[in-house]
Amino acid sequence: MWRAAMAERSRYFSFSFSSVRVLSAVAACVTLIHFSDAIPWTQEKLQHRAITLTQDEIRTALSHTDLDTMWQSYLRPLLITRYPGSEGSRTVQEHIKTTLGSLGAGWEVTEDKFMSQTPYGSRPFTNIIATLNPSAKRRLVLACHHDSKYYPPQWHGVEFLGATDSAVPCAMMLELARALDEELKNQKSSSSKLTLQLIFFDGEEAFFHWSPIDSLYGSRHLAHKMEHTPHPAGATDTNQLHGIDLFVLLDLIGAAEPRFGSYFPNTKAWLSKLQNIEIRLHLMNQLENHPDRVQYFWPEHSLGRVEDDHIPFLKKGVRVVHLIPSPFPSVWHTFDDNEQNLDRSSIQNLNKIVQVFVLEYLNTRPAVPADPSDPPPPSHP
Ligand SMILES: [Zn+2]
């Protein structure tokens, strides 16, 4: 489209100078209109620009997040045995739905329920999908898995709680929704074509041995379903996967000093954005136990891919940021992956970094309260 318009312009050079100027201006306008029309909405994600919040805006945005609230209200209820189909799984699903339903932003919460064959027979699975503004075409997705790994009865009496795997990531997403409730409510009412979607997958873990058919039950099912669900409603050539701007998967978070490398070159810039936020918050003294030598985000450090819930989406062309530390926490898939072995500072620091990332990606500026030292506005009788 751009090249064709330029060729069209070159034909007018035999006219007088003023005609050329007028026609060039017209051609330029036409070109601009055509150029903007030429970008299908599904490509807008490739040109998306995040904003950079001011320090005052960051302080305002982060004034609501509270680690103790997250711990008591969101994390503790998740620290139970919760493999697919278990009573604990039902309890955890209710916990997630109730929490999101209690917020002022008005999340649309849907479930993707299905049965699947496993090494232990047919089992029920439930993914939970929360969308801030369902009418927005484009979605920034944050995702985690709410199931815990199943350990068979010979382990009776010892419970695998999967604190980092992935109770903490789920609790972080609930805390983000709570802490940024006001900002997200305002973002939703701004009728932006971009919104936030939270996905809580079931059945990430293998029941027996990790294999293509014994793992990623929930994400395989949802990726397939989204691929076959027209989006926006009634569309004939676009589906819900086209609506995903960026799929940010959080997993194995909660150990001290995590390091997140780059798994995918096409989203490295967003990992750099996270690194940039980490540095800005560090310089603002917003991060605890985060001396100069500590750095969580390593965009220049390329890593081989790790099998996780992003794979079914990645295979269908979705752009992914995989926030899983390398190396994995030392307690990974052991009975020591529990509350006692979590590192509060890194969780709180990552809460702050991810919350700022979401606001900047969504181009949402929090309303900074007026400086109390400013004179009050004149009062009228
Ligand atoms: Zn696991």
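Predicted model: local features only at pLDDT ≥ 70, side-chain atom pairs only at ≥ 80, totals over all residues.
Biologist: What is the strand order in the open sheet of 6 strands?
Modeller: The order is β1-β2-β4-β3-β5-β8, and the pairing is mixed.

Biologist: Which strands are at the edges?
Modeller: β1 (108-118) and β8 (320-323). Each of them pairs on one side only.

Biologist: And how much are neighbouring strands turned against each other?
Modeller: By 20° on average, ignoring direction.

Biologist: How do β3 and β5 run, parallel or antiparallel?
Modeller: Parallel. Strand β3 covers residues 138-145, β5 covers 244-250, and 5 bridges join them. As one example, L142 has V248 in β5 as its bridge partner.

Biologist: Which strands does helix α8 touch?
Modeller: Helix α8 (residues 217-227) packs on the sheet and touches β1, β2, β3 and β4. Its direction makes about 60° with that of β2.

Biologist: New topic. How many residues are in the largest nonpolar core?
Modeller: It has 79. A171 and V358 have the most contacts inside it. Helix α6 (residues 163-179) gives the largest share, 11 residues.

Biologist: What does V358 contact, leaving aside neighbours within four places in sequence?
Modeller: L140, L176, L180 and L196.

Biologist: Now N127. Where is it?
Modeller: N127 is in strand β2.

Biologist: What does N127 touch beyond four places in sequence?
Modeller: Its contacts include E111, D112, F201, G218 and H221. N127 and F201 are 74 residues apart in sequence, yet their C-alpha atoms are 4.7 Å apart.

Note on methods: Residues numbered from 1 in each chain as written. Pairing = 2+ DSSP bridges. Helix = DSSP H or I, 4+ residues; strand = E, 2+ residues; numbered from the N terminus. Axes fitted to C-alpha atoms, helices over the stretch in contact; angles between N-to-C directions. Contact = placed C-beta atoms within 7 Å. Core = buried A, V, L, I, M, F, W, Y, C linked by C-beta atoms within 7 Å. Buried ≥ 20, exposed ≤ 12 C-beta atoms within 10 Å, placed from the backbone.
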